[in-house]
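Please read the following report alongside the sequence and the model.

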Amino acid sequence: MADESANAGGILGHLPPWPRKALNNSVIAMEQAYRQRKGLPVLSDADIEALKAGQPMVWESGNGGSAPVAAPAPPVAAAAPAPPQAVSAATPSAGLSEDVAKWVAEGRKWSKSTIAAEQARRGRKGLPALNDVEIAALLGEPVAAAAPATSVPATAPAPPPAAAPSGPISADVAKWVAEGKKWSKSTIAAEQARRGRKGLPALNDAEIFALLGEPAAPAAAPATAAPAAAPTPAAPRPAAAAATASVAASVSRSGESTSYVGTPAVGTSRAAKAGGIASIGPEDSEVNQQRRRLVWSAVAAFLVAWFLAFFRFFLPRTLFEPATSFKIGYPEEYGLGVDTKFQQKYRIWVDRTPDRIFVIYARCTHLGCTPDWKPSENKFKCPCHGSGYDSEGINFEGPAPRPMDRAKVEVAPDGQILVDVSRLYQWPKGQPSQFNDDGSFLRA
Amino acid sequence: MDWRQLWEICSAPDNVPIVGLIPLLIFYIYLAWKQAKANDELIGELETNPAMAKTHHRKTWPFRPGWQKEIHVWPFLLRIEFLAAIIVTIILMVWSITLSAPLEEPSNPNLTMNPAKAPWYFLGLQEMLVYFDPWIAGVVMPTLIIVGLMVIPYIDTNPLGSGYYTWKQRKFAIGTFMFGFVVLWVAMIIIGTFIRGPGWQWFWPGQTWDHNRLIYEVNRDLPDLFGLTSNLAKAIFGAIVVGGYYLAGGFLVHALFRRYNPKDYQRMSLLQYSIMMFFWLTMVGLPLKMLLRLAFNIKYVWITPWFNV
Amino acid sequence: MREENGNGKNGNRVGLLERVKAGVKEDVQSLKNDMPAKAKEQIEGLKDPTKTQVFTSIFRHKHDDTPRNRALGVLSNVFLHLHPAKINRDAVRYSYTWGMGGITFYLFIVLTFTGVLLMFYYHPSKVQAFRDVLYLEHDVPFGKLLRNMHRWAAHLMVIAVWLHMFRVFLTGSYKKPREFNWNIGVLLLVFTLLLSFTGYLLPDDQLGFWAVTVGTNMARATPLLGHEGPFGKMLGMTPYNDVRFGLLGGSIVDANALLRSYIWHCIGIPIVASVLMIVHFWRVRKDGGISGPAPVMLTAEADKPRRST
């Protein structure tokens, strides 16, 4: 079964499972412990012997068998296991599914890599994988569905499973073996591929083993042990055939170019399933979802509160800045015109006209520099960009948009002028002037 | 029993961390001890049963045995780290809201507080100032502590116990470290925080801190006890005493180490061994000198014109 | 010519006008017909924000539960990729590592964040420092909370660092090949304590002032380099050029000392500590990740030659 299906549709030609070194006690012990934990049938002494002799463990068939029980039973066992095996190995001799039939009808022959890609896609999406019949059909080869089914019973009787897959060694292979050079596994794979391309018969297991330079080891032991151990379905009985079969089948079925020999990649969900362990991670129950939401909302609320506090932190409640309200002496002390007495200390000019006293805040209305009073030209001139203001602070040249602001003035109880620069009177362009408002000037 | 005094000391904001350190330390020592005990039992079983040693698992306290051996960092490790951050933040915020950081009067170089204490993590060193000169307690000792810590991995030749808690397999290492950390470092801090009061005098917990208490202590130097007067004699005498301590102590430790840790002894090179000896004896010398002072009122052992030990 | 351009009396112009009108009518028609459907389609597209260009340009892979995306979540994230994609399931158990290393790092981040915020209101000058702290506590919204958080996080960090060192020692995680990382850790311990020490002075209150005075006074007793230490005078050390002078920037704890303390505390030591932390975390990965829990090793197996990890 293995060979036929492999020849019919294997992707790279099938490779036998790597002949394995004898298992040591700790791995066997681990397996025993695992079985005991899980309540599975434990390994018998015969099984252990076989394992030590080099039989692969049950999961190494690469099936990712969910339970050892479901592992492909040896074809050696009665025909009864055979159909299950045929079933398990080639699930759907069920025929082509609808879309595959459509593709086949299109007439375009699919390449092996396209099939592999389609298999992978199905695997990702969780769709049923292409079965051998479909693969064969897509490849444009005669459906070999019958072949696997019939070949199994054919091998079921006497000939030990080792014999069937091993097969006779053909002439040219015997020649290569005689050359003495041990082939590497990749060379064998390449040869298989070549044969596949040329349509030549693929190397069988015996030939492969011979080329690898190892004895066709699995032959005797599993054969004899198998019947004895047949009742233990869980036994790691996949003799080379079954193993090969399932390997090949899994190759063709899953569309992967290599078959895993050994557990699926540690930590993947497939491995977890293979080990029979429930997928790790918290279940997605309603309660857990609520809890998760609660935790995240609490974290979010905390961070939002911190965020707000963070911004508020930058606005202190009190400031230590120079006073905005101060006295500048008596009105009588000021003569007509601009007085720069307090420009340095308070940034103001005191301006007296025949009918008023007012205080100009010495800030250019362009970009905030402090203009200079030029008595010889009777104007304020800002050094930054050249804005010019007349002797009352009204702008007439340069980029200043409006006259300079005036500070609030009032007469303090002791008769002095009290200036408050925190209250400024403006005359924005095109708007009514505030320079006549109460507080913006003192009657002279 | 002056409870108010005790409460005042314990609730001083900067002492709260030490009050918190004590139960934390006890808890974690207990946690480590539990795991060490489990591991030691497993080791005992495995050592008595070689067949079992070949196949039995080698870990105690497996974490979620049903899980795969290797699990994704996202989400499993990250969620625990996240949880730890949350818990630490909560503790910190509750602590910050309820207890205010201290702010005493503005600094005044002319008015020293009594007692004037270093920050709590340096109180151990400040306690050493009682028994040693400032240059030893303040410079040499911290340097030796740091260098000693750095040297540990290179003189520890015991390959056992790497990656799991154990007591049985690392008695010397763990015993030494716990003596140095818990007894010398932490206990000194506790003394400096709770016991040392005004004038750096010794007040038992519950005794009122009396600023006017005077204890008249007569401290004598060791050479004086032996009636030596000349500087040279004192210097030589002190050298002999200190040298003798290292020698005699060295022999004693050597005998015990060789007897109880024969394998480690074989593995250590001469250099490793001497370094280990030096640091070990120096460390143990501390409580010895403290004992000399507290019990016998002996101040200095080695007096020279340039330094005193 | 004229007649060919349109079917109106005015030739070009009419033809153009007609065409424009027709065109506009067409546009309006097509808008009316197609727009609702198109709009609906585009809004439907936005219903799943994870498929929009904005989202996919920021998050370069899906964040669902597949093993691949779980691994990518760690490996493709600049903040998380210090972690491996997978760890041994036993290493996730809290009681093994106590999480103290991570907690220390988290506290360092908290301290940096709160510290930077505090810097907005603190002037490191003798005239202003104390008043700034008072200002922070009373006139700045959340200022008191921030100051408290900063101080208590500092204490917690010192405690966490000690517990981390303690745990690493107990599990023997300084043994080969982690010796160098242990030493980096010792340096980090020293710098943590120094960070705490330099910060202690900054409020310029009696507590901090005298703590630092006591601390730095020990520096003047340094052998060879201190003006009161052994052999110091012989090398010409005076209070104006010895190592204490270098630390304080003066012979007394004054304005210079405050400024230096500030710079060490905010810039100098954090930079050095960050570099050391980078090395420390890197070495954790390179030396093989978290050391355990490792399978116990038996005495008989201790001296067998092993691979170097």
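## Chain A overall

The secondary structure of chain A comprises 17 helices and 11 strands, where helices (H or I, at least four residues) and strands (E, at least two) are DSSP runs numbered from the N terminus. This is a predicted model, in which local features need pLDDT of at least 70 and side-chain atom pairs count only at pLDDT 80 or more, while totals for chains, interfaces and linings use all residues. Residues are numbered from 1 along each chain as its sequence is written, chains are lettered from A and ligands numbered from 1 in the order in which they are written, and side-chain values use heavy atoms, with hydrogens and water left out.

Of the 444 residues in chain A, 40% count as buried, buried being under 20% relative accessible area, exposed over 50% and partly exposed in between, with a 1.4 Å probe and protein chains only.

## Strand pairing around E10 of chain A

Strand E10 (residues 417–425) of chain A runs antiparallel to strand E1 (residues 325–327) of chain A, to which 3 bridges join it; two strands pair if DSSP finds at least two bridges between them. In this pairing, Ser325(A) stands opposite Asp420(A).

Strand E9 (residues 406–411) of chain A is also antiparallel to E10(A), through 6 bridges, and Arg406(A) has Tyr425(A) as its bridge partner. The hairpin of E9(A) and E10(A) has 5 residues between the strands, and Gly415(A) takes a positive phi near 95 degrees there.

## A helix pair in chain B

Helix H5 (residues 123–131) and helix H7 (residues 171–195) of chain B pack at an angle of about 75 degrees, with their axes 7 Å apart; axes are lines fitted to C-alpha atoms, for helices over the stretch in contact, and angles run from 0 to 180 degrees between N-to-C directions. Contact here means heavy atoms within 4.5 Å, and the residues that make it include Leu123(B) and Met128(B) of H5(B) and Trp185(B) and Ile189(B) of H7(B).

## Backbone features

Most residues other than glycine have a negative phi, and most peptide bonds are trans. Asn378(A), in the loop between strand E5 (372–374) and strand E6 (379–381) of chain A, has a positive phi near 55 degrees and is partly exposed, with a relative accessible area of 45%. Asp204(C) also has a positive phi near 55 degrees, but counts as buried at 4% relative accessibility.

A cis peptide bond joins Trp74(B) and Pro75(B), with omega about 20 degrees, and Pro75(B) lies in helix H4 (residues 73–98) of chain B.
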